[in-house]
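Reader: I am new to this structure. Please take me through the labels and the rules behind them.

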Amino acid sequence: MHQPPPLHDPVLRLGHAPLTWQELFRRSRTPLRVDIDPEAARRVTVSWETVTRVAQQRPVYGRTTGVGANRTVHLDTSDSEKDLSLLRSHGTGSGRWLPSRMVRAGLLARLNQLLQGGSGMHPDIIPALEDTLASDELPRVHAFGAIGTGDLSSFGEVALGLMGESELSGGSLIRRWWPHEGDALPFLSTNAMTTAQAALLAGRLHAWLSCYEKVAALSFLAVGGSSETFAPQLDRARPHRGQLTVAERLRTLLQGEDHEPRRVQDSYGFRALPAVAGAFQQTLDRLGEVLDIELNAASENPFVSLEASDVFHNANFHTMELALALDQTKLALSGVGHLSLARLGDLSNPGMTGLQPFLAQGNPGDSGIMVLEYNAAAALSRLRAAAQPASLGSVVISRGTEDHASFSTQAVEQLTQCLDAAETVLACELVACVRALVLQGRAPAADSDLGSFFDSLQPLRAAQAPGDRSLSDDIAQATRHLHLLSADED
């Protein structure tokens, strides 16, 4: 049943200022209360009044006609059953259930979109979504069914949950909303669930990159790298925005670390770090820009223009921009993953660390961390396979009336797989660089961010012992540590 959010959780104001993807990421963890701006509520009412009037004058898709290939079928606008039929038929998903946080994020995104006043839905939907967001019982939504041209199946299932026709996540049936005439299509005509999932993933990716830079900095200390590659003079020579950001963060992480470089210049795993990780940072920035637009867009078809007091048929629910941003992020993530594997190779090289080959500690010829490279390479192979551009797909459905798709929903799924694999690659590097630093008897400055990160790795530091042994538990522990940081960090 309805559970209020924690008392310390402030009310989220919607409809007055844009909702950012970062705010959605933060606020989707737990039930939340929202406060609707009065002007936004007025927009919703005027939008409903406008489309009701226009539908009496000319055909409006989905309100006076069928949908998809049935767009030529004229419908009786007084027949309320047509909306129920549309919601019930489209509430058809497959695969696993989405976790509550994703569903909550999708509902928050959809509510914010509706407040833009472009849907023509009856205002009753707003308090229904408010009440649902404040509850710990949410509609159950399957993971699969969308192809980047609107989250029809997801919001069909959401609608059935709001109507009390399907069980909520806690097993109960609660009717919070019942569709008015013409409400069905505008509720379904949205990309909010895919956009919300991408926003949650963006939060993980930003936090993972922060971990990545810290692990790379530890490896840098272990091999005695040259800090020339992070020099601000290089920033001015090639001022890509992402590269400037990453180089500055690496300079800050390594500030105060006293060491002499062991080589005139390092291998690409270190020397190309600002350029490659900077490109990844820049793709994340672009992804964030796209997400912010989608979260605050009136992406419905038909679109109700309050400015023109008219209705426009369109395909603003189509998410090609999002698909391309996600595809680019996957490719950039593959690049930084390759650098992690390269640094792992350097950590195995006695010429780089001054230690035994493969950081072995026992008898001559021991394998040490040798098989970490195999595990990282296997994970990187999974990453590469999942990084194939989803936007290259094509489809023709609904009797030929819908003959293109972005497959942004699939791109989100692929990028999730890429990040899971990237966590394994980075975990292998983390196990190796911690071992190298322990064997060298050195650690980052205790009063620094890098030192705090190193301190949090005490279980890995304590696991060092002479002789060869299985490192499976070490990889699992490092992976869990990185996953928790990237999943929960704000």
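Author: Start with a rule: a salt bridge is a side-chain nitrogen of Lys or Arg within 4 Å of a carboxyl oxygen of Asp or Glu. This is a predicted model, where local features need pLDDT of at least 70, side-chain atom pairs count only at pLDDT 80 or more, and totals for chains, interfaces and linings use all residues. Residues are numbered from 1 along each chain as its sequence is written, and side-chain values use heavy atoms, with hydrogens and water left out.

Reader: What makes R461 and D455 a salt bridge?

Author: Their side chains come to 3.6 Å, N to O. The limit is 4 Å, so the pair counts.

Reader: Why is R461 called partly exposed?

Author: Buried means under 20% relative accessible area, exposed over 50%, and partly exposed in between (1.4 Å probe, protein chains only). R461 has 24%, so it is partly exposed. D455, at 44%, is partly exposed too.

Reader: What makes K330 and D327 a salt bridge, and where do they lie?

Author: Their closest N and O atoms are 2.9 Å apart, within the 4 Å limit. Both lie in helix α13 (residues 320-347), 3 residues apart, about one turn of the helix. Helices (H or I, at least four residues) and strands (E, at least two) are DSSP runs, numbered from the N terminus.

Reader: Why is K330 called buried?

Author: K330 has a relative accessible area of 0%, so it falls under the 20% limit. D327 is at 4%, so it is buried as well.

Reader: How many salt bridges does the rule give?

Author: The count is 26. R27 and E23 form one of them, at 3.7 Å.

Reader: E137 is buried, so why does it have no salt bridge?

Author: Lys and Arg count as positive, Asp and Glu as negative; His and the chain ends are not counted. The nearest side chain of opposite charge to E137 is R176, 6.3 Å away. The limit is 4 Å, so no salt bridge is counted. E137 does have a polar contact of 2.8 Å with the side chain of S172. A polar contact is a pair of N or O atoms within 3.5 Å; within protein, one must be able to donate a hydrogen and the other to accept it, and residues adjacent in sequence count only if both atoms are side-chain atoms.

Reader: How do you know that C211 is in no disulfide?

Author: A disulfide is a pair of cysteine sulfur atoms within 2.5 Å. The total is 0 disulfides. For C211, the nearest cysteine sulfur, that of C433, is 12 Å away.
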